[in-house]
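Subject: Handover of a protein structure

Dear colleague,

Please find below the sequence and the structure that I am handing over to you. A summary of the findings follows directly after them.

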Amino acid sequence: MKMTNILKTQVHVVVISLLIQIAFSQVKTDFDVNWSTIKTMVRITNRLGDGSTLNLHCKSSDDDLGLKILAPNSSWSFKFRPTIIVGSTIFSCHFTWPGQSKRFNIYDDDRDGVRRGIPCIYCIWDITKDGPCRFNESDHAFDICYDWNGNPR
């Protein structure tokens, strides 16, 4: 009896998924609604505030983006397609400026992915001495902030 209920549930999930895919395929839009094809963009801006140059080196398990040097208030960005396996895409960055060396996961699918609480497709970060702050599209402010240990502040 339990196996029959499990099979019925699986069939319902498949049918609902197919209906959703059919509905999305009928929608004519200017953007691609297939999450697996959407690219994420990360932009990092030097907001250290004291005229210091920010050096950064970002990489994932698959891509090393090399050393970038940002003058005060300048930005650098990169695009990527998160892996289909939820929670597996992470871009870690090493930030240095005079007298400081910090690390932070500038993109972590468990925190930033499209299926998360505060997702980002355009992940726009200000790097400050206290830690990185991400732009919050719902209130148009850089108020999703973390300390350098990755804890929300």
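Trp125 is buried, with a relative accessible area of 0%; buried means under 20% relative accessible area, exposed over 50%, and partly exposed in between, with a 1.4 Å probe and protein chains only. This is a predicted model, in which local features need pLDDT of at least 70 and side-chain atom pairs count only at pLDDT 80 or more, while totals for chains, interfaces and linings use all residues. Residues are numbered from 1 along each chain as its sequence is written, and side-chain values use heavy atoms, with hydrogens and water left out.

Overall composition

The protein holds two helices and nine strands. Both kinds of element are DSSP runs numbered from the N terminus, helices being H or I of at least four residues and strands being E of at least two. Their order from the N terminus on is α-β-β-β-β-β-β-α-β-β-β. Of its 153 residues, 31% count as buried. Among the contacts with a separation of 6 or more, 46% join residues 24 or more positions apart, where contact means heavy atoms within 4.5 Å.

The two sheets

Strands of a sheet pair through backbone hydrogen bonds, in either the parallel or the antiparallel sense. Here, two strands are taken as paired if DSSP finds at least two bridges between them.

Another open sheet has four strands in the order E3-E2-E5-E6, with antiparallel pairing. Its edges are strand E3 (64-70) and strand E6 (100-108); each has a single partner strand, so one side of each is left without a neighbour in the sheet. The twist in this case averages 20° from one strand to the next. Strand E2 (residues 54-59) and strand E5 (residues 90-97) pair in the antiparallel sense over five bridges, with Leu56 opposite Phe95 in E5.

The nonpolar core

A nonpolar core is a set of buried Ala, Val, Leu, Ile, Met, Phe, Trp, Tyr and Cys residues joined through side-chain atoms within 4.5 Å. The largest one has 24 residues, and those with the most contacts inside it are Val42, Ile44, Leu54, Leu56, Phe95 and Ile106. At least two residues of this core are supplied by each of E1, E2, E4, E5, E6 and strand E7 (122-128). E5 gives the largest share, four residues. Leaving aside neighbours within four places in sequence, Val42 is in contact with Trp76, Ser77, Phe78, Phe80, Ile106, Tyr107, Cys123 and Trp125.

Ile124 lies in strand E7 and is buried at a relative accessible area of 14%. Not counting residues up to four places away in sequence, Ile124 touches Met41, Arg43, Cys133, Arg134, Phe135 and Phe142.

Aromatic and charge-ring arrangements

The structure holds eleven aromatic pairs; rings of Phe, Tyr and Trp (its six-membered ring) pair if their centres lie within 6.5 Å, and planes under 30 degrees apart count as stacked, over 60 as edge-to-face and the rest as tilted. Phe80 and Phe91 form a tilted pair, 4.7 Å centre to centre with 50° between the planes. This pair links distant parts of the chain, with Phe80 in strand E4 and Phe91 in strand E5, eleven residues apart. Phe80 is buried at 6% relative accessible area, and Phe91 counts as buried at 3%. Phe104 and Trp125 form an edge-to-face pair, 5.4 Å centre to centre with 70° between the planes. Phe104 lies in strand E6 and Trp125 in strand E7, so the pair ties together parts 21 residues apart in sequence. Phe104 is buried, with a relative accessible area of 4%.

Ring pairs also link Trp76, Phe78, Phe80, Phe91 and Tyr107 into a cluster. Finally, the charged end of Arg111 sits over the ring of Tyr146, 5.1 Å from its centre; this requires NZ of Lys or CZ of Arg within 6 Å of the ring centre and within 35 degrees of the ring normal.

Yours sincerely

Definitions and conventions:
Axes fitted to C-alpha atoms, helices over the stretch in contact; angles between N-to-C directions.
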